[in-house]
2 protein chains.
Amino acid sequence: MNLQGQSIFGSESHAGTGANFSAFNPATGEALAPVFQSATIEDLHAAVQLAEDAFRVYGKLSGKDKGKFLRHIAAGIEGIANDLVERAHLETALPKKRLQGEVARTANQLRLFALVVEEGSWRMARIDTGDAARTPLPKPDIRSQLQPLGPVAIFGASNFPLAFSVAGGDTASALAAGNPVIVKAHPSHPGTSELVGQMICQSVRDCGLPSGVFSLLFDAGTQIGAALVQHPFVKAVGFTGSLTTGKELMQLAASRPEPIPCYAEMGSTNPLFVLPAALKTRGSQIAKGFFESFTLGVGQFCTKPGMIFLPDGKDTDSFLNVLKALVQQASAGIMLNKNICSNYTKAVALRKRQKNVRILAEAVSLSAENLSHACPVIFEVGADGWIEDPELAEEIFGPATLVIRYKDREQLQQLARALQGHLTATLHETDNDLLEFGGLIEILERKVGRLLLNGFPTGVEVCHAMVHGGPYPATSDGRSTSVGSQAICRFTRPMCYQDFPQSALPDELKNSNPLGILRLLNGEYTRTAVE
Amino acid sequence: MNLQGQSIFGSESHAGTGANFSAFNPATGEALAPVFQSATIEDLHAAVQLAEDAFRVYGKLSGKDKGKFLRHIAAGIEGIANDLVERAHLETALPKKRLQGEVARTANQLRLFALVVEEGSWRMARIDTGDAARTPLPKPDIRSQLQPLGPVAIFGASNFPLAFSVAGGDTASALAAGNPVIVKAHPSHPGTSELVGQMICQSVRDCGLPSGVFSLLFDAGTQIGAALVQHPFVKAVGFTGSLTTGKELMQLAASRPEPIPCYAEMGSTNPLFVLPAALKTRGSQIAKGFFESFTLGVGQFCTKPGMIFLPDGKDTDSFLNVLKALVQQASAGIMLNKNICSNYTKAVALRKRQKNVRILAEAVSLSAENLSHACPVIFEVGADGWIEDPELAEEIFGPATLVIRYKDREQLQQLARALQGHLTATLHETDNDLLEFGGLIEILERKVGRLLLNGFPTGVEVCHAMVHGGPYPATSDGRSTSVGSQAICRFTRPMCYQDFPQSALPDELKNSNPLGILRLLNGEYTRTAVE
């Protein structure tokens with residue numbers, strides 16, 4: 001494991017002259033070697049200029065060659081899996097088994113996008129052939145397809161040091177679409193970031209691509225990130241993190257002389273609804289699943305269910321008895337870093353003092369004073385109290401959740417209508433419940449990006465149909481997903497060619513359809529050539 | 001022709017208590033009956049509440065029923081074509097023949113969207129079937145498709161009183177996707193707006209839809225429009241108009257407690273490049289086409305070519321002689337309204353005083369003092385002068401254009417690189433030109449939404465492949481088009497269902513594929529059912 005502690009651009013590591021910083025082992029509080037150097041604004045300018053230069057070549061690269069590149073990165077990451085797991089474990093305290101899974105997921109994500117670009121139909125090619133004989137005016141030949149935007153700025157997330165970080169979903173989708181990427185590394189796992197960054201740069205070299213296709217910048221603070229979003233060559237932003245930072249980036253992106261798209265995934269409370277018949281039939285099973293879901297990864301998932309709605313009555317009393325016992329027996333977990341843990345501790349303390357809120361159960365910390373340890377906790381609030389206080393619907397990042405009891409169908413619908421945007425909502429139900437509570441789904445369809453039945457929202461399948469997104473404030477832009485192959489469309493826009501000769505058209509739009517992609521030809525979806 | 005001069009919502013006309021205003025005949029300056037009453041904020045709240053209520057039904061309406069509704073509107077508009085042309089001619093001074101064409105285009109646009117929703121594949125349905133036996137974790141069943149957003153606010157444009165107004169492309173695409181629409185009528189053609197609004201409301205009733213599916217609000221000022229964009233039930237904005245107003249709406253939409261998508265098409269200068277061999281071969285033909293294009297509709301097209309780049313030399317001298325003669329012989333045209341004409345007059349006067357700019361030719365107005373008359377004018381500036389002064393690349397709305405001569409390929413590329421975002425760019429070229437100037441296309445692909453060869457950008461074909469959009473400041477959001485069937489995706493977002501039973505899924509996502517639509521099933525595009 002050869003870490004330089006330096007930003008990477010132009011295919012080389014560069015000593016920054018900005019503030020030094022270190023990663024910390026959240027389990028011990030110890031600083032980890034090496035010391036990392038923050039990039040300078042000059043470094044940033046160099047990286048963005050390289051990306052702009054690289055776009056002229058990379059933006060035109062064939063799907064086949066982009067697929068080869070993405071697969072090369074995937075294999076490279078698997079090749080250093082042991083080093084990655086070792087370092088990420090030190091930097092995040094996430095269990096090694098989970099990190100092994102994350103390596104696999106990161107590689108599979110890259111390969112999913114490789115499949116998509118190799119197949120090629122993602123470009124949504126459309127062809128309307130001309131008709132010189134049409135009256136009163138000849139009909140022009142019009143063809144269009146999605147094209148990449150240009151250099152994209154990606155911000156790594158702290159809670160998935162691989163799958164939502166340097167080579168995570170945002171980077172994979174931006175690269176797949178043909179955009180050079182500049183990653184601002186998350187300072188909480190810089191060593192993991194550098195290992196992945198080195199591997200991507202190696203892949204850039206091995207595939208003979210311009211060095212500006214990928215850069216990795218370190219910064220202890222926010223200067224580099226802000227300057228990146230404001231740089232005129234940067235054409236879009238991808239971010240996963242807190243609502244506060246997400247809103248700052250949205251604001252920066254919108255107030256540029258040329259506003260640009262900003263895809264910020266800002267977290268969510270992921271309401272979970274248990275309906276009466278389901279509760280009666282399998283309450284204790286749901287309680288166990290729910291406990292596992294909201295405490296998974298010490299509650300550090302954007303899809304953690306942070307609110308559970310239960311019907312008034314003795315079935316809920318039994319449900320909560322199971323849940324309380326699980327929480328009371330739980331042990332503390334180590335959070336990703338001191339800052340996150342301190343925010344969690346403060347948020348829990350604040351909630352304990354909140355009007356109408358009572359604590360149902362809390363695990364007893366073995367080392368409450370220690371570093372980054374956090375304990376699961378369940379709160380309860382009445383339906384009216386919850387509606388009165390919108391703060392109670394906000395995310396607490398960590399293993400906390402909130403119980404809200406509802407009286408009847410009407411009140412449940414009222415509660416659902418009061419929700420803001422979330423990534424997910426989950427219903428535990430039986431067929432009879434759905435008949436009685438059917439209206440609930442229609443309400444929730446307007447509130448979230450993904451609706452689950454009888455499951456748990458943690459665990460986001462990486463596939464074609466996944467939507468990991470949702471209305472504001474879950475994300476900055478509910479029209480997109482940051483997980484799954486649909487994410488490739490985020491960093492694109494449609495481009496139209498009128499009356500172009502065959503030789504000047506991109507392959508995707510040529511009559512012969514040399515790539516064999518699906519196209520909308522004069523209103524019909526087909527892979528056949530234009531006659 | 002029965003005009004009330006009143007806003008329409010809840011399927012009825014309502015007397016507003018806001019300021020009164022009138023339409024004016026730009027040819028005579030006379031006020032046209034009736035007096036129109038501005039809506040009140042209470043009217044606005046009522047209309048938006050009705051739209052929100054209507055969404056529960058309309059958002060779930062089948063493609064077949066939406067198609068029927070759109071076709072009903074189209075037929076209704078054709079049924080009152082004579083009244084529409086008569087009134088629109090009085091209100092805009094646009095020639096009747098042009099307005100007849102616009103009626104046809106408006107109806108055809110509605111029918112194009114009817115086709116799209118009846119066919120159904122626009123929803124981009126995706127299905128990844130589950131696998132309970134997968135290890136280490138079972139694979140969930142994941143299905144997603146595009147769904148409508150909710151009530152949409154549409155702002156009519158002044159320059160297309162039918163095709164970009166009350167029942168124009170924005171309204172058609174929003175309705176097609178399943179969104180109720182609230183139109184803020186353009187005060188420059190309120191009678192035309194009311195006629196179309198009445199017809200849409202009649203169609204809502206005839207099709208048995210909730211009255212809130214469509215509302216039309218009048219306002220002499222900006223209060224209603226601003227309140228509409230800020231209303232919490234409104235989920236997206238469509239606008240065609242000036243950069244100034246577009247930027248205001250963008251700002252309002254972005255600064256809401258819940259920011260919403262704002263699609264503002266804000267105009268463009270549509271650079272046109274003439275390459276040397278094309279100029280030599282058919283210079284005078286290009287000059288004639290260019291003259292017709294920049295003066296078409298008194299220069300009041302968003303796609304008017306407002307800049308033309310010509311190679312230094314005697315071929316350009318000849319070209320300009322043809323062009324100058326055409327301009328000098330041209331007569332004045334009547335602009336859409338006094339305000340637009342006064343802005344044009346001011347912009348032309350300002351440009352005449354601008355450093356480095358000289359006037360090449362100007363038509364002599366027959367009635368320079370009169371009302372809304374505007375005369376074609378051509379300016380010229382040197383390449384260096386143009387690059388120094390970014391204002392020269394800004395749109396003058398009206399029959400003005402600017403000639404810039406380039407020395408060589410290098411300077412032409414430098415000029416192209418200095419461009420901001422535009423809706424279109426056009427090249428007049430021969431095969432030899434393209435060999436020599438090929439790099440120009442790659443530069444322009446980053447600057448515009450549509451590239452034309454050997455044509456003229458005015459005249460936007462309504463079809464599947466059209467892109468009427470482009471990077472900022474041509475539009476607020478270059479990821480979309482406001483003309484053509486792709487516009488249906490603007491007012492949607494993807495929605496995902498995990499482990500839903502067949503009975504609870506939308507038809508589009510059911511195993512049997514009852515609608516027969518194209519779906520991405522486990523990574524393959526197919527219309528077959530799920531086995």
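Q: Which strand of chain B is joined to β20(A) by 3 bridges?
A: Keep in mind that this is a predicted model. In it, β20(A) and its partner strand from chain B run parallel. Looking at one spot along the pair, A:Leu452 has B:Gln498 as its bridge partner. The strand joined to β20(A) covers residues 492-498 of chain B, and that's β21(B).

Q: Which element gives the largest share of the side of chain A that touches chain B?
A: Let's start with the whole contact: 54 residues of chain A meet 54 residues of chain B. On the chain A side, the elements giving two or more residues are β5 (126-128), β6 (142-148), α14 (431-444), β20 (450-453) and β21 (492-498). The largest share is 6 residues, and it comes from β21(A).

Q: How many nonpolar residues does the side of chain A that touches chain B have?
A: Sort that side by class and you get 14 polar and 14 charged residues. The nonpolar count is 26.

Q: What distance separates the centres of domain 1 and domain 2 of chain A?
A: The domain assignment gives domain 1 as 13-20 + 42-130 + 138-266 + 479-489, while domain 2 is 271-453. Taking the centres over C-alpha atoms, the separation is 33 Å.

Q: How many polar residues are on the side of domain 1 of chain A that touches domain 2 of chain A?
A: The contact takes 9 residues from domain 1 of chain A and 10 residues from domain 2 of chain A. On the domain 1 side, 2 residues are nonpolar and 2 are charged. The polar ones number 5.

Notes:
Residues numbered from 1 in each chain as written. Chains lettered and ligands numbered in written order. Predicted model: local features only at pLDDT ≥ 70, side-chain atom pairs only at ≥ 80, totals over all residues. Contact = placed C-beta atoms within 7 Å. Helix = DSSP H or I, 4+ residues; strand = E, 2+ residues; numbered from the N terminus. Nonpolar A, V, L, I, M, F, W, Y, C, P; charged D, E, K, R; others polar. Pairing = 2+ DSSP bridges. Domains from an automatic or database assignment.
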